[in-house]
Amino acid sequence: MQITLKKYILPLAHTFTISRESRDEQDTLIVGLTLNGKTGYGEATSNPYYKITIEGMMAEIEAVRDQIEAYDFDTPENFYEHLESLNLHKFTLCALDLAANDLYGKLKDKPLYQIWDTTTDQYPITNYTIGIDTIEKMVAKLQEKPWPLYKIKLGTNEDVDIIRELRKHTDSVFRIDANTAWTAEETINNAPLLKELGVEFLEQPLKADDWEGMALVKKNSVLPVIADESCIVETDVEACGPYFHGINIKLTKCGGLTPARRMIKKGRELGLQLMVGCMTESTVGISAIAQLLPQLDYVDMDGAMLLREDIATGVTILNDGKVIFPELPGSGIQLL
């Protein structure tokens, strides 16, 4: 097996702002794994919140390149066990695991969702994310991209006013992501107002480790609450169970498709609502997420839609949110 590594700088269509940062571009690492004439592709983005750089991930892989390339590849699950023994960071694991899964599907000549015994007869549509901005610019983004389902990033001093104004311009469903910016009291007080304004659920309103606050929120909020920053890796699923109504799994943060599938299974056992989210990946990462769609209640896979230029083909998302799955097997990815 041969590894290829390439850094890309993905230009965003608009400045993207959440409660803790703004950016105009997204650095990303694309990993290729080639075996028997087939190449699988995986992706992981840089992230200042988690102190992840592309150079750091590339250095990690280069340090163990020989052990990876010498591995007798059979299944992604066995390969993942081998990768974990190399003590790689979860973001690095994700890029390699996505590539391994894509490769496996291409070697088997089947899309991953079929290998996992699921069908695409029914699946949730993705939201489209509106980052924090002036109200005027947020309205303009809504009008520029008519969509049936929006995720609105909040974490300002005028959050409810923002939603009240946006509601004047669309009948679409809203989801709210405060990215840990609220207090428990603020969340509980905002929830009924936001519910009246057509909000479906709240994502990670409190700090990731504010379990006492989340207990109050779950007991008193009139809207469901979905964990994000509180649910990073597999062991977090059970920890989140008593405090949230659902979990948002990020492939990049948990280490890839292989652990994400185990998190989905555990979440189902606990009766949690299941969502998979993105990290402004290109179509490489988004196409991997799409393979999980039949197993999910919600999905946030608009990363490639937020880019000014993409670097790959794969899954295509239509204007009504429906997905066209590529004929190419695996995750269906080809680099441009």
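Which residues form one aromatic cluster with Tyr71?

1. The cluster consists of Tyr71, Phe73, Phe79 and Tyr104. The model is a predicted one. In total, the structure holds 13 aromatic pairs. For Tyr71 and Phe79, the ring centres lie 5.4 Å apart and the planes meet at 50°; planes under 30 degrees apart would count as stacked and over 60 as edge-to-face, so this pair is tilted. Both Tyr71 and Phe79 are buried.

2. An open sheet is built from 3 strands in the order β1-β2-β3, with antiparallel pairing. Its edge strands, β1 (2–18) and β3 (38–45), each pair on one side only. On average, neighbouring strands are turned by 25° against each other, direction ignored.

3. Strand β2 covers residues 21–35 and is joined to β1 by 13 bridges. In general, the strands of a sheet pair through backbone hydrogen bonds.

4. Helix α4 (residues 90–108) packs on the sheet and touches β2 and β3. The direction of α4 makes about 155° with that of β3. Of the 19 residues of α4, 16 are buried, so the helix is largely enclosed by the rest of the structure.

5. The length of α4 can be checked. At 1.5 Å a residue, its 19 residues should span 27 Å, and the end C-alpha atoms are 26 Å apart, which agrees. Just after α4 comes Asp109, with a positive phi of about 60°.

6. A separate contact involves a charge and a ring. The charged end of Arg167 sits over the ring of Phe174, at 4.0 Å from the ring centre.

Key. Residues are numbered from 1 along each chain as its sequence is written. This is a predicted model: local features need pLDDT of at least 70, side-chain atom pairs count only at pLDDT 80 or more; totals for chains, interfaces and linings use all residues. Side-chain values use heavy atoms; hydrogens and water are left out. Two strands pair if DSSP finds at least two bridges between them. Helices (H or I, at least four residues) and strands (E, at least two) are DSSP runs, numbered from the N terminus. Axes are lines fitted to C-alpha atoms, for helices over the stretch in contact, and angles run from 0 to 180 degrees between N-to-C directions. Contact means heavy atoms within 4.5 Å. The expected span of a helix is 1.5 Å times one less than its number of residues. Buried means under 20% relative accessible area, exposed over 50%, partly exposed in between (1.4 Å probe, protein chains only). Rings of Phe, Tyr and Trp (its six-membered ring) pair if their centres lie within 6.5 Å; planes under 30 degrees apart count as stacked, over 60 as edge-to-face and the rest as tilted. A charge sits over a ring if NZ of Lys or CZ of Arg is within 6 Å of the ring centre and within 35 degrees of the ring normal.
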